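Hello,

Here is the structure I promised you. Please open it first, then read my notes below with the model on your screen.

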Amino acid sequence: MKPFDYRRAQDVSGAVALLSADPQAAFLGGGTNLVDHLRLGVVAPGLLVDVSRLPLDRIEPLEDGGVRVGATVRNSDLAADPLIRERYPVLSQALLAGASGQLRNLATTGGNLLQRTRCVYFQDVSTPCNKRAPGSGCAALHGYQRYHAILGGSPECVATHPSDMAVAMAALDARVLVRGPGGERGLALTDLHRLPGDEPWRDTVLAHAELITAVDLPPLPAGARTRYRKVRDRASYAFALVSVAAVLVVRDGRVDDVRIALGGVAPKPWRAVVAERALRGGPATEANFRRAAEAELAAARPLDGNAFKVPLARNTLVATLRELAGGTPR
């Protein structure tokens, strides 16, 4: 590990100012991702600005019936919060499906959204990786591919985004609040992360020194049922091969509203807009769920080592919607 300076931010403005003054600086939250990368030599910032003690650790109801989650709220606290469990069980389920209890006790909301891929080639500095070393190539294209993308990848990068929480928030139409040198702004969570294209080293649309301060969750429609389903190689502490976060409203046997996000299949939480369009207004039947899933996955471009993800994603999505259509509210 290379030496670096450490500063503890006293307030949000101070944190932004410290990063603004140093292009090699980085924010430090819970450290569950960044510290690993420091040890592995994946990154080497000259300055770490600790934002974990900023007063952004509250979960608050909003006047419109939604909820604001501060960026330093720990994953374990968010999963256990009564308001979240009552209004957004899909989010609690996703958080509990991610990592271990020890890591959830450290990981923060903002840090979870900004965690980088767990691609084995990204984390191995002896191999080429365009995300880590632009222009060096992508070892995954001809290597181990089980965990890689079937949607949204490019010839430059096929790594997947690892977050469970972000998938649930994408399905919930969450909005991210950011403070930076230019002031405050908000953006849809689905717009936060980038597809790799020909710039795979850019994970998000955030500029240097922009800090996530909170995430707003809008109220769900009346009668909504939600579910997070994760398929993985082992029962705990494993990243998703495929995951589904779904919000479904059925009235008189027809899909009145639906929101779907997929994890483990793309470089960002994948909002399944094609499937949503195919489902809205149609019958809430397994046959229709299957047709919508197939329409969404028509764009899939699997690699030799992960073609199994296409039927796995289809079947997981169908099973999740079937459960919600036949279940009780929420």
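Start at C119. Not counting residues up to four places away in sequence, C119 touches H148 and A159. You will find C119 in the loop between α7 (109-114) and α8. Is C119 buried or exposed? C119 counts as buried, because its relative accessibility is 11% and the cut-off for buried is under 20%. Now look for H161. C119 and H161 are 42 residues apart along the chain, and their C-alpha atoms are separated by 9.0 Å.

One caution before you go on: this is a predicted model.

**The whole chain**

Zoom out. The chain has eleven helices and twelve strands. Its C-alpha trace spans about 60 × 50 × 35 Å along the principal axes. How does the radius of gyration fit a compact globule, and why? With 330 residues, such a globule would have a radius near 20 Å. The chain has 20 Å, so the two agree.

Buried residues make up 52% of the 330 residues. Of the contacts with a separation of 6 or more, 64% come from residues 24 or more positions apart. The chain exposes about 14,300 Å², and carbon and sulfur atoms supply 50% of that area. As for charge, there are 41 positive and 33 negative charges in the chain. Their mean positions are 4 Å apart.

Begin with α1, residues 12-20, where A15 lies. A15 is buried, because its relative accessible area is 0%. What does A15 touch, leaving aside its neighbours within four places in sequence? A15 is in contact with A9, F27, V49, V51, L54 and L211. Compare that with G305: A15 and G305 are 290 residues apart in sequence, and their C-alpha atoms are 43 Å apart in space.

Next, α5, residues 89-96. This helix is mostly covered, with six of its eight residues buried. The buried residues are P89, V90, L91, S92, A94 and L95.

Then go to α11, residues 309-326. Why does its length fit that of a helix? At 1.5 Å a residue, its 18 residues should span 26 Å. The end C-alpha atoms are 26 Å apart, so the span agrees.

**Two residues with positive phi**

Last, look at two loops. D173 lies in the loop between α8 (165-171) and β6 (175-180). D173 is not a glycine, yet its phi is positive, at about 60 degrees. D173 counts as partly exposed because its relative accessibility is 36%.

Y237 is in the loop between β9 and β10. Phi of Y237 is near 50 degrees, again a positive value in a residue other than glycine. Is Y237 buried or partly exposed? At 47% relative accessibility, Y237 counts as partly exposed.

Best wishes

Notes. Residues are numbered from 1 along each chain as its sequence is written. This is a predicted model: local features need pLDDT of at least 70, side-chain atom pairs count only at pLDDT 80 or more; totals for chains, interfaces and linings use all residues. Side-chain values use heavy atoms; hydrogens and water are left out. Helices (H or I, at least four residues) and strands (E, at least two) are DSSP runs, numbered from the N terminus. The radius of gyration is taken over C-alpha atoms; the globule rule is 2.2 Å times the number of residues to the power 0.38. Buried means under 20% relative accessible area, exposed over 50%, partly exposed in between (1.4 Å probe, protein chains only). Contact means heavy atoms within 4.5 Å. Accessible areas come from the Shrake-Rupley method with a 1.4 Å probe; for residues, only the protein chains shown count as cover. Lys and Arg count as positive and Asp and Glu as negative; His and the chain ends are not counted. The place of a charge is taken as NZ of Lys, CZ of Arg, CG of Asp or CD of Glu. The expected span of a helix is 1.5 Å times one less than its number of residues.
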